[in-house]
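Hi,

Here is the structure I promised to pass on to you. Have a look at it first, and then read my notes on its pockets below.

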Amino acid sequence: MTPTTSSPARAGVRPVPAVVHEGGLFADCPELIGTPFTYARDEEVYGEGEEAEFVYKVVGGAVCTYKVLSDGRRQITGFHLAGDLFGFEHGAVHRHTTEALADTRVLVFSRAQIERVAAGRADVACRLWSLAARGLGHAQDHMLLLGRRSAVERVAAFLLDVDARLGGTGRFALPMTRRDIADYLGLTIETVSRTLSQLESEGALLRTGSRDVALRRGQIRRCIEV
């Protein structure tokens, strides 16, 4: 089966065998086989309120999850980068909308199939529990960031988090725009831009392109020390 740009949920597609074996969380589960899909930049993967039939793993690119508030503002609730799984829900429908930040490749898994395997294998169930616990921890950190941190602390913590998730080398290309960062951190685009310039002027980071960043992690960490 070749990759397609159609959403599996909207196209009525069910992931089928003889496609791609996942090499991470389900590496030792030959019964769990993902179907590859591709999404163009700004293309919606699934919408809020749609049935949560599938779970996704980012192979290349990045996606964001968000909600549109009653006043029209967008609150990004998470970024999912290469290697991340997303689409797990507590209920039967998606609570947030997810869209691609760039041309993105994913593997799509049947949620029902994952649940069946987890019911029969304690090790898989424990991995899913750990994944859920990490997600909860990240959500709690995000709440603290939005409620108790200054703009400099928010941006500095965000850059360190992205660096860690992209390999921890201190050099990376941001897969998201400044608007995306602003909508995630509860700031304006202007504030994000000013803060990045401030951190650069203080020698905490170096921008070598529109999105290419090199961090001096020691100095960045000092910006968020309590």
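Sorted by class, the lining of the second largest pocket comes out as six nonpolar, two polar and three charged residues. Keep in mind that this is a predicted model. If you want to find the spot on screen, pick out H138, D141, H142, L144, L145, R149, A157, F158, D161, Y184 and I224, which line this second largest pocket. Two elements, helix 3 and helix 4, each give two or more residues to that lining. Helix 3 gives the most, with five residues. The volume of the second largest pocket is about 290 Å³.

Now for the largest pocket. Its volume is about 1400 Å³, and 35 residues line it. To get to the middle, look for H80, F88, L131, G135 and L136, the lining residues that lie nearest the centre of the largest pocket.

Which elements each supply at least two residues of that lining? They are strand 6 (74–80), strand 7 (85–86), helix 2 (111–120), helix 3 (122–148) and helix 4 (151–165). Helix 3 gives the most to the largest pocket too, with twelve residues. As for classes, the lining of the largest pocket has 15 nonpolar, twelve polar and eight charged residues.

Cheers

How values were computed. Residues numbered from 1 in each chain as written. Predicted model: local features only at pLDDT ≥ 70, side-chain atom pairs only at ≥ 80, totals over all residues. Heavy atoms only, no water. 1 Å grid on protein atoms, 1.4 Å probe; cavity = no way out; pocket = protein on both sides within 12 Å on 5 of 7 lines; lining within 4 Å. Points joined across faces, edges and corners; volume = space filled by probe spheres on them. Helix = DSSP H or I, 4+ residues; strand = E, 2+ residues; numbered from the N terminus. Nonpolar A, V, L, I, M, F, W, Y, C, P; charged D, E, K, R; others polar.
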